[in-house]
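Dear colleague,

Please find below the structure I am handing over to you. My notes on it follow directly after.

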Amino acid sequence: MHPELIKLEKTFHRSILTKIDDALLDQYQIKLWMKRDDLLHPVISGNKWRKLKYILDHALSLGADTIISMGGAYSNHLHALAYVGKVLGLKTIGLVRGEQPEVLTPTLQDMKLWGMELKFVSRSDYRLLRQYRNWQDLPNLKPRQYWLPEGGAQALALNGVAELVSEIEIPYDILCVPCGTGTTLAGIIDAAPEQVSVLGFAALKNAGFLTTEVEAMLSRPRNNWRINLDYHFGGFAKTNAELSAFIEDFELKTTIPLEPIYTGKMMYAIYDLIGKHYFKPGQRIVAVHTGGLQGKRGFS
């Protein structure tokens, strides 16, 4: 590991397991914990650091001085990348989906403050960028530039996610995680014990393609996982009053902050499935908090 990355990671906090106490869980005889990756770092939190860690090590080992990536106007991935670029002395370029707004979102303002060069691309051109999967694939890359696909969806990302799984020291039956690109889910499937069921919750609509995407990232075939497509609430970054009320109630009961894009939807889904007897009495569930709390600013 590059010395600068070791130095950075030493400033991080522990990702603890928090047991959720709730009368509903007692009623259905379910045990539930949250893997608190939101606590790792105020900015590079959750699965963003897990995915970036070994990708950054690879980029630094190649002598890269610039990392180029892509994301939306509230992208947790670009937000974390911009900050870590500032810390490590790397130039960062963010290809942002859509036209430049008259007023930058708080996320984009942060990214610009941390030195990221923002380039706004049309939605059609943005979709085309998704075909470039490897670090050297982006056309017209200059020497010492490193391409990072959307959401950090690169094979090296799975190594960091695997460390998340290795930190869970209690016995458990089911490991739950929200999905965007499916990269975090793939890393968890790869690392989870054979007897554990892994359940992903898609944060976007029409996400059936994610199964193929995840299968392509796995180091070997696994049959202990599935993706639930039923709790997207209308699409990526879409929400409604019911989800907002659930998040508010959950935060009041547990003091654990949620955002409505990823972890909030997953937790709503878990509670809803518990009420529908999806899980068996006595089962032990660990749900991964993937951080990204800065995205809440888009809903205030």
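Predicted model: local features only at pLDDT ≥ 70, side-chain atom pairs only at ≥ 80, totals over all residues.

Of the 16 residues in its lining, R14, S15, K35, R50 and E167 are the closest to its centre. A pocket here is an open set of points on a 1 Å grid over the protein atoms alone, where a 1.4 Å probe fits, with protein on both sides within 12 Å along at least five of seven lines; lining residues have an atom within 4 Å of a point.

Residues are numbered from 1 along each chain as its sequence is written, and side-chain values use heavy atoms, with hydrogens and water left out.

By class, the lining of this pocket holds eight charged, six nonpolar and two polar residues. Asp, Glu, Lys and Arg count as charged, Ala, Val, Leu, Ile, Met, Phe, Trp, Tyr, Cys and Pro as nonpolar, and the others, Gly among them, as polar. Helix α3 (residues 46-61) gives the most to the lining, with three residues. Helices (H or I, at least four residues) and strands (E, at least two) are DSSP runs, numbered from the N terminus.

Two loop residues other than glycine have a positive phi. For Q29, phi is near 55°; this residue lies in the loop between α2 (23-27) and β2 (31-36) and is exposed, with a relative accessible area of 52%. For N140, phi is near 65°; its place is in the loop between α6 (123-129) and β6 (145-147), and N140 is exposed as well, at 74%. Buried means under 20% relative accessible area, exposed over 50%, and partly exposed in between (1.4 Å probe, protein chains only).

In helix α8 (residues 183-191), eight of the nine residues are buried, so α8 is largely enclosed by the rest of the structure. In helix α11 (residues 263-275), eleven of the 13 residues are buried, including M266, M267, Y268 and L273. Just after α11, H277 takes a positive phi of about 60°.

Yours sincerely
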